[in-house]
Amino acid sequence: MALVEVRGLRKTFGPVVAVADVSFEIKEGHCTALLGPNGAGKSTILNILAGLLPATAGTVRFEGLAEGADHRSLIGYLPQQVALFGWMTGLEYVRMAGELTGLDRPAADLRARELIGLLGLEAAQNRRIGGYSGGMKQRIGLCQALVNRPRLVILDEPVSGLDPVGRRELLDLLKQLKSESTILFSTHVLPDAEELSDDILIVRAGAIVIDSSLTALRARYERPIVELELDDEATAGSWLETLASRGVKGEHRGAVIRWKFETSAAMRAGAADVYASAASRPEGVRRIELGQTSLEDMFLEAVRQ
Ligand SMILES: Nc1ncnc2c1ncn2[C@@H]1O[C@H](COP(=O)(O)OP(=O)(O)O)[C@@H](O)[C@H]1O
Ligand SMILES: [Mg+2]
């Protein structure tokens with residue numbers, strides 16, 4: 001059995017259907033990304049899993065626990081908006097979080113220092129949280145989420161709202177963390193999901209539209225492409241027509257033309273045509289490139305409408 005099984009989850013707020021009918025599993029030891037645009041229902045799903053919000057219908061079942069049993073002690077949760085007490089020091093805050101999960105003072109102190117070391121906050125542990133950077137606050141929040149050695153760590157948009165440096169640091173930390181934990185995190189940014197996760201759930205308007213391993217998604221959606229960038233958009237049109245007349249059909253966005261192929265063999269044949277055309281009229285050509293469509297195309301398609 002998976003670590004968590006979610007079946008038929010539904011949540012309405014009055015007339016608003018935030019989560020329609022969602023079922024998925026979380027595999028132990030995997031890092032799962034819950035990906036979707038703003039308002040898709042990510043936070044609602046995570047809040048229900050974290051036990052902070054009752055579902056309108058459906059079940060969440062943890063391995064080894066009866067259906068509907070209280071699983072909150074198995075979970076660590078970092079909300080989208082972390083409420084930290086600015087007047088406390090980092091160490092005081094994490095120690096308090098430990099005591100709230102039932103540790104006695106010495107055990108909470110030990111665990112707090114261990115996590116603060118792990119997340120590289122020793123130098124700031126006796127300073128007030130109010131003076132921390134965004135990235136440091138997220139790391140203190142993460143200490144809080146890990147304090148009870150949870151079997152599932154739930155993180156709601158952990159890197160959004162951080163500057164590029166803070167984001168990079170936290171992503172690297174999460175990469176380390178995922179080797180020893182089961183993580184479920186939400187994001188609206190595909191590259192973050194690609195970088196961290198084994199499994200991807202894409203949610204749109206309260207429903208899951210894609211549930212797949214990252215490897216399977218890649219295999220399914222990546223296609224060889226040829227891209228040609230020209231000086232201006234006007235020339236792109238005539239390039240498209242010339243090549244289409246030879247059976248190589250592409251599309252353009254601004255001054256960049258893209259030809260997408262089903263197989264590498266088809267791509268090589270198409271590329272030969274594009275390169276030959278470019279060699280015969282090189283003026284206005286800025287770049288020709290062979291590559292792969294990215295998951296970004298798939299993601300945009302999946303969340304459009
Ligand atoms: N407490 C609430 N009351 C009313 N509507 C809510 C509440 N929480 C969320 N919603 C609505 O539910 C939908 C999903 O919200 P949310 O789960 O926060 O999406 P996401 O985290 O993907 O941005 C949105 O339309 C949002 O406005
Ligand atoms: Mg949210």
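Which residue has a polar backbone atom 2.8 Å from an oxygen atom of ligand 1? Lys 42 does. That pair is a polar contact, defined as a pair of N or O atoms within 3.5 Å; within protein, one must be able to donate a hydrogen and the other to accept it, and residues adjacent in sequence count only if both atoms are side-chain atoms.

Some ground rules come first. Residues are numbered from 1 along each chain as its sequence is written, while chains are lettered from A and ligands numbered from 1 in the order in which they are written. The model is predicted, so local features need pLDDT of at least 70 and side-chain atom pairs pLDDT 80 or more, while totals for chains, interfaces and linings use all residues; side-chain values use heavy atoms, with hydrogens and water left out.

Start with the whole chain. It holds 10 helices and 13 strands. Helices (H or I, at least four residues) and strands (E, at least two) are DSSP runs, numbered from the N terminus. The C-alpha atoms fill a box of roughly 80 × 45 × 35 Å along the principal axes. Of the 305 residues, 44% are buried. Buried means under 20% relative accessible area, exposed means over 50%, and partly exposed lies in between (1.4 Å probe, protein chains only).

Now return to ligand 1. Around it sit Phe 13, Ala 18, Pro 37, Asn 38, Gly 39, Ala 40, Gly 41, Lys 42, Ser 43 and Thr 44. A residue is near a molecule if one of its heavy atoms lies within 4 Å of it. This shell divides into four nonpolar residues, five polar and one charged. Here Ala, Val, Leu, Ile, Met, Phe, Trp, Tyr, Cys and Pro count as nonpolar, Asp, Glu, Lys and Arg as charged, and the others, Gly among them, as polar. Helix H1 gives the most to the shell, with three residues.

A polar backbone atom of Ala 40 is 3.2 Å from an oxygen atom of ligand 1. In Thr 44 a polar side-chain atom takes part, at 2.5 Å from a ligand oxygen. On its own, ligand 1 has 560 Å² of accessible area, and the protein covers 58% of that. Such areas come from the Shrake-Rupley method with a 1.4 Å probe; for residues, only the protein chains shown count as cover.

Look along H1 itself. Six of its eight residues are buried. They are Lys 42, Thr 44, Ile 45, Leu 46, Ile 48 and Leu 49. Just after the helix, Gly 51 takes a positive phi of about 80°.

Next comes the metal. Which protein atoms are donors to the magnesium ion, ligand 2? They are OG of Ser 43 and OE1 of Gln 80, lying 2.1 to 2.3 Å from the ion. Ser 43 lies in helix H1 (residues 42-49) and Gln 80 in the loop between strand S5 (75-78) and helix H2 (90-100), so the pair ties together parts that are 37 residues apart in sequence. Donors are N, O and S atoms within 2.8 Å of the metal (3.2 Å for Na, K and Ca); water is not among the atoms, so sites may look incomplete. Ser 43 is partly exposed at 22% relative accessible area. Gln 80 is partly exposed too, at 36%.

What about the cysteines? A disulfide is a pair of cysteine sulfur atoms within 2.5 Å, and the count here is zero. For Cys 31, the nearest cysteine sulfur is that of Cys 143, 18 Å away. Cys 31 is buried at 2% relative accessibility, and Cys 143 is buried at 0%.

Ser 197 lies in the loop between helix H6 (190-196) and strand S8, and it is buried at 5%. Its C-alpha is 5.3 Å from that of Thr 32, although 165 residues separate them along the chain. Ser 186, in strand S7 (residues 182-187), is buried at 1%. Its C-alpha lies 12 Å from that of Tyr 77, 109 residues away in sequence.

Finally, check two loops. Glu 157 is not a glycine, yet its phi is positive, near 45°. It sits between strand S6 (152-156) and helix H5 (164-178) and is buried at 4%. Ala 205 also has a positive phi, about 45°. Its loop joins strand S8 (199-204) and strand S9 (207-213), and Ala 205 is exposed at 61%.
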